[in-house]
Every structure is written in structure tokens, then in C-alpha cells.
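The following exercises are intended for a reader new to this structure. Each task is followed by a solution in steps.

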Amino acid sequence: LFTGSTLRGFGSYLLPFLLALVSRAILFANWLQSPLRYYGTIRGLDMVKLLRFGREFAAGKSPFSIYKCVLAAALALGGGEFYPEVVIALQMLLGIVTTLLVVRVCRQLSPNRILAATAGCLSALYAPALLYESLHLRESVFLCVATLSLSLVLTCREHDFRGRWALLAGTAAFMPPLVRFSGLLWTILVGAWVVGHILFGNRTAAEPCPFCGSIVRKRVGKALVTGLVYALGILLLAAPVSVYNYARCNQILPVRTNLGYALEVGRQATPDSLDQPAECVEEKSKVTSAAGNKTGIFTQAVSYGRKFLAIFRAFEITNNVNYYFVRNLLFPLPYMIGPLLLLPLASLGLLLIGGQANMRRRYAPVFLYLLSFIVPMCVFVPLGRYRLILLPALALAASYPLVCLPAALRQPEKRRLKLLLPVTAYLLLLTWAIPRDVPVRDEDFLVLGLALEHQPVTGISQIEACYRNARQLR
């Protein structure tokens, strides 16, 4: 049962698993003594609303969501009461699962065990991922579900989407939208890719391009059947969710659509204004909607371009929580891997992988994954917590230059010259990605002060200092 290759394959999971387990054990122990423990009680943060949805779902009064299932499980474990420790512990366990899934995805794409272990270590120690596992937000669950979906889709590709594997691909691809609506594009694009894989993939001399011979009927027929089976896989998951939603909340759709709100807010939001409350951005959008069409189209194009670039910059755009403010409150976040290390390496890795035809074909699902979740962020707002969903692809891409470029140093002298281009590209990307300013907002101190009021051991002077700092920044 356990051959040498099996044990060697298990070794690529061991180090990332241990790093994920130990880092989260230390983080949880410090979280128990941190004011972040009480952030879920502060009005105005999304955490309060999400916890309320969890209670309503447990009572059968809210539509289905995978994150609500996690909250309902925490409620059941707490005997009908919400204990923040239980929710955070569940999210950290899912963070460990996500680390193992990242290793699994990398092993499915490459036989290089060191590459897989490196990607897993980057994922295990990524500070923003650890932060959002410590807050009552959907990010950690969304990330775990999306990574599982990617791994299952890759497994189905290994079996050429035959029969039940196309069914599983449809079910797997429909999992992310059940956490957040923005995952729906992943479901659609995976379906298009599955059909395209049947039509254009694995062409041989005996079986030419579908536009070049009589084999077109066979290929189109197979693609049609596979597409229908894929849609049936989606239906197997969507149908029971729709029945539940209709029975409990009179809502027929399996996912809650908020496309109108996203388009309205995202139309005017730019990376410079994303720290404003969503209501302010929406109001600004309504006021400026009377501008001319030509100016509006040009402004939106520039805005979408700036949002796309912001996704690859090593800066966490703040919203509910300021990453740069909060990480200093929770050990060991200041010593973990941050965006400044991951993002430039990932950008370089994507360029290196995209520049090789065989690598592009192999990593096609990863690029599809990136496209699926980058587009909604460009349409809406690329907040730091939204960008976390890209971690599997970014960790895979960042591990490529870390492992493959040092290996190239062992090559003959002429081939070493080829290192100059990627090294130069990395230095340029690093220079561009470095944030020029790390803002601290008045609401950061205000929220901290409110959280400290709930902490039993906090002195009055600490709370007053927070409110005083908030007043000075206002």
C-alpha cells in the first residue's frame, strides 16, 4: 500500500502541514488574548451582519450558504450560543486544509515535489490568510472551497472529463458561488473550458482539428454530451439548494445575486477611493451618473485598468480591517510572509509560465482560475480581503521562480545568462509593487478602542489613547 513513491509524495505535504498547524496554534493562543477576539461584536463591521445571518440560517430563516453552514456548525458545537473561539478554530482548521489542497493542486500540475512543498509553505505562512482566519468573515471558507473546486476540476481533467468526471466537474465548479456570488464566473468559464477541451484538446494526426475533417461530428457530439453532463453536475447541487431556499425563504435562486449593486458601486470606485465606505462610493456614483457617455466610458476603462494593476501590487487595500494596523496586534503576523514577498514573485512566475507553450497548456486551469476571480474584483473593488481568493494561483506561481531559477544556476555558463532577464524582471516588479504609503485610518483606532472596551484586562488609559488618536486622524 505504501510504496517508495507514495512516501516521497507524502513528504511534500508534511512540511506545509506542520508549518500550517504550528503557525495557527500559536496564532490562536495569541488571538485569545487579543482585542481581535471582540471585533465580531462591533456594529458597522461586516462580521456582525454575517454572524446574524448564521443565527438566522440555523433557525431556518436565511438562504443557504456554505459559510452559514460553518457558522451553524459552530452554533451547534456551542450548544446554541455563538462562541467566537469555535468559529475561529473551525476557520483555522479550514486554513490547514487549504494548505494541503494547494500542495495537491501543485502535484497535479507538476511532478516536482519541491515545487509543491514550496507552494504549500507560502500558503501556510501567508499573513493575510492567517489574519482573515482570525476574523468572522467569509474569506477563509471561500478560499478553501475555491481551492477544493480547482483541485477537483484538475482531477476531472486527468480523466479527460469522461462520464461521471464531467458530472463531478460541474458539481465542484458550482461550489464557490455558494459562498460568494463572485464565484459564479468560475462556474461558467470552467464549463466553457471543459467543452473547449473536448473540441480542441489532444489533437493527433489521426484525429485532426474539428474544423479540418469529418471527425467534426464526433467531436462536437462528444462536447455536447459532456457539456450536458457538466450542467447536470451543477443541477445536482443547485436543485436541492433552490428547493431549500424556496421552502424557507421563498427564494428560488440557489445564490443571492447582487450584480446591480456591484456594478453601481464599482463603476466609480478606484484604487484611491476604496477605503471609503461603500455607501459613500455608491452615493458618488449616483451623483456623477449624469456625466457624458464618452467621458464615462473612458473613466471606467481607466478605473478598471487601475484596479487590475492594484491586484498585483503588494498593498492590501483596506475595508473592514486595516491589515497593516491589525497585524501588529496579533503575533506572529508581523513575522509571516506578506504581500511584498508573494506578489512580485507570483507576477514573475506567471510571466515565466506564460512564456512557455507547454507550461501554458498544463497550467491553463490556473490561468482560468485567476481570470475568473480577477474580473469580478475589477468590476467591483479589489479589496485586500477579496484578493485572498487568488492565493492558490499566486502561491503556485511564486514557487516556480523560487525553485526553478536556482536550479538553472547549475546549468552551463551560457544558460546562466538567461537568468539575467527574469532577475531583472523581478527587480522591476519588486520596485513597482512596493507600497508608497501605508495609511492608518481613524476608524482603525476607533474599532480598536471599542474592542478594548470588551476586553476585561484593558486599562482605561489604553482605550482613551485609541479614541484620542482616532480624533486626531479625523
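A salt bridge is a side-chain nitrogen of Lys or Arg within 4 Å of a carboxyl oxygen of Asp or Glu. The model is predicted, so local features need pLDDT of at least 70 and side-chain atom pairs count only at pLDDT 80 or more, while totals for chains, interfaces and linings use all residues. Residues are numbered from 1 along each chain as its sequence is written, and side-chain values use heavy atoms, with hydrogens and water left out.

**Exercise 1.** Determine which residue forms a salt bridge with R387, and where the two partners lie.

Solution. Step 1: the partner of R387 is E316, and their closest N and O atoms are 2.5 Å apart. Step 2: R387 belongs to helix α18 (residues 384-387), whereas E316 sits in the loop between α13 and α14 (323-326), so that distant parts of the chain, 71 residues apart, are linked. Helices here are DSSP runs (H or I, at least four residues), numbered from the N terminus. Step 3: R387 and E316 are both buried, a term for under 20% relative accessible area, against over 50% for exposed and in between for partly exposed (1.4 Å probe, protein chains only).

**Exercise 2.** State how many salt bridges the structure holds, and examine the one between R24 and E133.

Solution. Step 1: there are 10 salt bridges in the structure. Step 2: in one of them, the side chains of R24 and E133 meet at 2.8 Å, N to O. Step 3: because R24 is in helix α1 (residues 4-31) and E133 in helix α6 (residues 127-133), the pair ties together parts 109 residues apart in sequence. Step 4: R24 and E133 are both buried.

**Exercise 3.** Classify K222 and D160 as buried, partly exposed or exposed.

Solution. Step 1: the two residues form a salt bridge, with 3.9 Å between the closest N and O atoms. Step 2: K222 is in helix α10 and D160 in the loop between α7 (139-158) and α8 (164-173), 62 residues apart. Step 3: K222 has a relative accessible area of 39% and is therefore partly exposed. Step 4: D160 has 18% relative accessibility and therefore counts as buried.

**Exercise 4.** Describe the surroundings of S242.

Solution. Step 1: S242 is part of helix α10 (residues 216-249). Step 2: its relative accessibility is 13%, so S242 counts as buried. Step 3: leaving aside residues up to four places away in sequence, S242 touches Q251, I252, L253 and P254, where contact means heavy atoms within 4.5 Å.

Technical notes. Helices (H or I, at least four residues) and strands (E, at least two) are DSSP runs, numbered from the N terminus.
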